[in-house]
Amino acid sequence: MMVVPSLDTKCGKYFRFRDLIECGETYRAVQPDNTPKAPETYEALRDLTRVILDPTSDQFGNLELSYGVSCPALYRKIRERISPPLDQHSAHELNSKGQLICSRGGAAVDFSCPGICSLQLAQWIVKNCDFDRVYFYGVNRPIHVSVGPEPSGQIILMWYSKDAFRRIPRKISIEKFLVLSRQDDLVMSCVRQLGQGT
């Protein structure tokens, strides 16, 4: 039987479980009880750290985590900007009916690296890591990366709609994503332009 570890237990070379559970603007502002209950969530966080965060930290240095695990008390505070059944931030946590919040399993984290363009960060991960999904929000925004039991290797660009108030997910192939540059129209479509939506 799996045991739930202490939040201060290291889940990889650089991060503790607490770092992935107590991170982000909303968590810091509200400080809900975001402690996962499912032992499988902790295993998924170990996998996420080993497969994504450790090698990326080795390559680029200090990563800043902006959104990690999201248990119900946290995601209720930010529900208009997220999709718990799809985004894997709930890992293996259960809803009030005893069912997985996200049926995909695995775990997800959003992060950036100071001084490093998020496109460069995401392209390195796509080339070097076994990921399930990468969501790209723009060159100066954190990227979302998930791992799961059946890695799909999907990359999704989060474009702004014409009114610039909401984002539209657009899948892109690995081959096309790896040759994108900062100035590419596909990359710029993820950046809200001055004057849009005003």
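Predicted model: local features only at pLDDT ≥ 70, side-chain atom pairs only at ≥ 80, totals over all residues.
Residues are numbered from 1 along each chain as its sequence is written, and side-chain values use heavy atoms, with hydrogens and water left out.

**The sheet**

- Six strands make an open, mixed sheet in the order β1-β2-β4-β3-β5-β6; strands are DSSP runs of E with at least two residues, helices are runs of H or I with at least four, and both are numbered from the N terminus.
- Strands count as paired if DSSP finds at least two bridges between them.
- β1 (64–67) and β6 (167–172) are at the edges with a single partner strand each, so one side of each has no neighbour in the sheet.
- From one strand to the next, the twist averages 30 degrees (axes are lines fitted to C-alpha atoms, for helices over the stretch in contact, and angles run from 0 to 180 degrees between N-to-C directions).

**Around β2**

- β2 is mostly covered, with six of its six residues buried.
- On one side, β1 and β2 run antiparallel and are joined by three bridges; Tyr-67 stands opposite Asp-110 in β2.
- β2 also pairs with β4 in the antiparallel sense, over five bridges, and Ala-108 has Ser-146 in β4 as its bridge partner.
- Helix α3 (residues 39–60) lies across β1, β2 (107–112) and β4, at about 30 degrees to β2; contact here means heavy atoms within 4.5 Å.
- Further along, β3 (residues 133–136) and β4 (residues 143–147) run antiparallel with three bridges, and Tyr-135 faces His-144 in β4.

**Aromatic rings**

- There are three aromatic pairs (rings of Phe, Tyr and Trp, the last by its six-membered ring, with centres within 6.5 Å; planes under 30 degrees apart are stacked, over 60 edge-to-face, and the rest tilted).
- One of them is edge-to-face, because the rings of Phe-17 and Tyr-42 have centres 5.2 Å apart and planes at 75 degrees.
- This pair links Phe-17 in helix α1 (residues 17–21) with Tyr-42 in helix α3, 25 residues apart; Phe-17 is buried at a relative accessible area of 0%, and Tyr-42 is buried at 0%.
- Phe-136 and Phe-177 also form an edge-to-face pair, with centres 6.1 Å apart and planes at 70 degrees.
- Here Phe-136 in strand β3 is linked to Phe-177 in helix α7 (residues 174–178), 41 residues apart, and both are buried.
- The charged end of Arg-167 sits over the ring of Tyr-160, 4.1 Å from its centre (the rule asks for NZ of Lys or CZ of Arg within 6 Å of the ring centre and within 35 degrees of the ring normal).

**Salt bridges**

- The whole structure has eight salt bridges (a side-chain nitrogen of Lys or Arg within 4 Å of a carboxyl oxygen of Asp or Glu).
- Asp-8 bridges to Arg-18, with closest N and O atoms 2.8 Å apart; Asp-8 lies in the segment before α1 and Arg-18 in helix α1, so the pair ties together parts 10 residues apart in sequence.
- Asp-8, Arg-16, Arg-18, Asp-19 and Glu-22 are linked in a salt-bridge network.
- Arg-133 forms a salt bridge with Asp-132 at 3.1 Å between the closest N and O atoms; Arg-133 counts as buried at 11% relative accessibility, and Asp-132 counts as buried at 3%.

Definitions and conventions
Buried < 20%, exposed > 50% of the residue type's maximum accessible area, 1.4 Å probe, protein only.
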